[in-house]
Amino acid sequence: MLALEAKGLTYEARRLDNAKGEQKSETFLAVNPRGTVPVLVCDGFVVRETNAILAFLEALKPDPPLFGASPQDIAAIWQIVEETEALLRTPIGSVTRPIFRGRAVEMRDQIDAAIVKVRDALDELEGVLEGSPFLVDGTLSAADLAVYPAIMQLMRGATREGADTLDLQVAPLAQHYPGIAAWTERVAAMPGYERAYPPHWR
Ligand SMILES: N[C@@H](CCC(=O)N[C@@H](CS)C(=O)NCC(=O)O)C(=O)O
């Protein structure tokens, strides 16, 4: 949805509640047999997989580019997009899932191991964002849009009840990672950000 906003495309957002089985309903499985989100439907054409959706939007509306223009920028953006899953989303999920489920105390060993990997990745991002407003070439790109939701997920988890019993050392973000904190504010200032913000995250 952030990419749709960045491209200035209009869309209708539909939220599915997986806990209520909505992603496995007959209606949704007819759209995406894998039952996963996100899914984009454009003029009856269905695209699943976040990165496939981003590539589709880039081809549909090249301006403004989210995947760069020079070979160097294109490579740098794809590198971050590809690495986000392994280096950020997976360890962040290992930290936040137990917190969201109220199981922080019993899952402490898993969280302690994962937060080390998360902080390594955050150190790297901080190094880049100390000297640049966005991750690649000083301009908002798919790299920022891939990393941002993962960081927000981490911060939602780190400020949840129960997280105070842990030693995450990530919140407040501005205290631990001022460059990343300032970058989150720049992303949040983009037009349409409020529209794209998941209502159930508030
Ligand atoms: N690699 C896929 C992952 C999709 C995915 O697993 N989405 C989660 C929500 S973030 C989901 O739908 N989980 C429910 C399920 O797998 O049944 C993508 O980036 O789109």
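This report walks through backbone features, salt bridges and aromatic pairs in one protein structure. The model is predicted.

**Backbone features**

Start with the cis peptide bonds. One joins V37 and P38, with omega at about 5°. P38 sits in the loop between helix 2 (26-31) and strand 1 (39-42). Another cis bond joins A171 and P172, and here omega is about -5°. P172 belongs to the loop between helix 6 (142-158) and helix 7 (173-176).

Next come positive phi angles. D43 is not a glycine, yet its phi is positive, near 50°. This residue is found in the loop between strand 1 and strand 2 (45-48). Is D43 buried or exposed? Its relative accessibility is 80%, so D43 counts as exposed.

D137 is also not a glycine, and its phi is positive at about 60°. The loop between helix 5 (108-129) and helix 6 holds D137. With 57% relative accessibility, D137 counts as exposed.

**Salt bridges**

Side chains of opposite charge can pair when their charged atoms come close. The count here is eight salt bridges.

E58 is buried, at 14% relative accessible area. K7 is buried too, at 1% relative accessibility.

R89 is partly exposed, at 37% relative accessibility. E85 is partly exposed as well, at 47%.

R202 is exposed, with 63%.

**Aromatic pairs**

A pair of aromatic rings is described by the distance of the centres and the angle of the planes. The structure has six aromatic pairs. One of them is F67 with W78: the ring centres are 4.7 Å apart and the planes meet at 25°, so the pair is stacked. Stacked pairs need planes under 30 degrees apart.

Where do the two residues lie? F67 is in the loop between helix 3 and helix 4, and W78 is in helix 4, so the pair ties together parts 11 residues apart in sequence. F67 counts as buried, at 6% relative accessibility. W78 counts as partly exposed, at 29%.

Y148 and Y193 form an edge-to-face pair, with 5.9 Å from centre to centre and 80° between the planes. Y148 lies in helix 6 and Y193 in helix 9 (residues 193-196), so this pair ties together parts 45 residues apart in sequence. Both Y148 and Y193 are buried.

These two tyrosines also belong to a cluster. Ring pairs link Y148 and Y193 with W183, Y197 and W201.

Notes:
Residues numbered from 1 in each chain as written. Predicted model: local features only at pLDDT ≥ 70, side-chain atom pairs only at ≥ 80, totals over all residues. Heavy atoms only, no water. Helix = DSSP H or I, 4+ residues; strand = E, 2+ residues; numbered from the N terminus. Buried < 20%, exposed > 50% of the residue type's maximum accessible area, 1.4 Å probe, protein only. Salt bridge = Lys/Arg side-chain N within 4 Å of Asp/Glu carboxyl O. Phe/Tyr/Trp six-rings, centres within 6.5 Å; stacked < 30°, edge-to-face > 60°.
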